[in-house]
Amino acid sequence: MQTRRLLRAFVRRMPILGRYEIRSRCSTFDGLKAYQKTQRTRLLDTGGLARIHYACGKHFLPGWLNVDSYRQGNVRGAAFEAIDLVSRHPFADNTFEFGFAEDFLEHLSQVDSMLFLSECQRTLRPGGVLRLAFPGLEGVLRKHYPRTDWETVNIAKEEAYTRYEHLHFYSKEELTLVARHFGFNAVTFHAFGESPNESLRGVDQRAAQSSLNTYAELVK
């Protein structure tokens, strides 16, 4: 660290070099290595459950396979597995009839959300449905960006993004584009708690966010 500060001070004193910034080289992601490593992922037994609740946190749905990166509360008899949701999911192709994730998508970078959605699509059965509830870009703009002055956009950055570690808000148009590209045949949008699929009615938990959230169902 001390060496880096001394080097920066030296560069600032050089007329030609002073225009350049010295920063650490970012590490790169080896996609082929990651692919080869996860090809050996051991498949988990779902216990016959055909519904999966992604990023469940402390909220465990009965009759569903609840998954998250680690257990955060008392499962109380519900099925739970700890898995990495932005890596290869340890389930066979065409396993689940329904999937559900609430307030998870916005915590992923765009590239990680594509990893997640691609695995959801792979592990859903043909005709299976993934329901996503998340703060949509439309709602975020209405709530946090009522004006576009410098003060507003800086406060919005803190309140909408950094305070809750949010990284990316999908708009309906963007989500539809990505979902269709990744093999989903239809994308529909609904109100809080409402769904044409009985298994997905009433699964949404955060009613206070209903004016902010987007409720989407992606059909394989």
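1. Strand 1 (residues 51-54) and strand 2 (residues 65-68) are paired in the parallel sense, over three bridges. Strands here are DSSP runs of E with at least two residues, helices are runs of H or I with at least four, and both are numbered from the N terminus. Two strands count as paired if DSSP finds at least two bridges between them. Opposite tyrosine 54 stands valine 67 of strand 2.

2. This is a predicted model, in which local features need pLDDT of at least 70 and side-chain atom pairs count only at pLDDT 80 or more, while totals for chains, interfaces and linings use all residues. Residues are numbered from 1 along each chain as its sequence is written, and side-chain values use heavy atoms, with hydrogens and water left out.

3. The open sheet has seven strands in the order 3-2-1-4-5-7-6, with mixed pairing. Strand 3 (79-82) and strand 6 (186-190) are the edge strands, each pairing on one side only. From one strand to the next the twist averages 20°; axes are lines fitted to C-alpha atoms, for helices over the stretch in contact, and angles run from 0 to 180 degrees between N-to-C directions.

4. Helix 3 (residues 110-123) packs on the sheet and touches strand 1, strand 4 (96-102), strand 5 (124-135) and strand 7 (213-219), contact being heavy atoms within 4.5 Å. The direction of helix 3 makes about 145° with that of strand 5. Helix 6 (residues 172-181) lies across strand 5, strand 6 and strand 7, at about 150° to strand 6.

5. Strand 4 and strand 5 run parallel and are joined by six bridges; glutamate 102 has alanine 133 in strand 5 as its bridge partner. Strand 5 is mostly covered, with nine of its twelve residues buried (under 20% relative accessible area, 1.4 Å probe, protein chains only).

6. Strand 5 and strand 7 run antiparallel, joined by seven bridges, and proline 135 has asparagine 213 in strand 7 as its bridge partner. Strand 6 also pairs with strand 7 in the antiparallel sense, over five bridges, and threonine 188 stands opposite glutamate 217 in strand 7. Six of the seven residues of strand 7 are buried, so strand 7 is largely enclosed by the rest of the structure.

7. The largest pocket holds about 480 Å³ of space. A pocket is an open set of points on a 1 Å grid over the protein atoms alone, where a 1.4 Å probe fits, with protein on both sides within 12 Å along at least five of seven lines; lining residues have an atom within 4 Å of a point. Of the 20 lining residues, Ala55, Cys56, Gly57, Asp68 and Asp103 are the closest to the pocket centre.

Definitions and conventions
Grid points are joined across faces, edges and corners, and a volume is the space filled by probe spheres set on the points. Buried means under 20% relative accessible area, exposed over 50%, partly exposed in between (1.4 Å probe, protein chains only).
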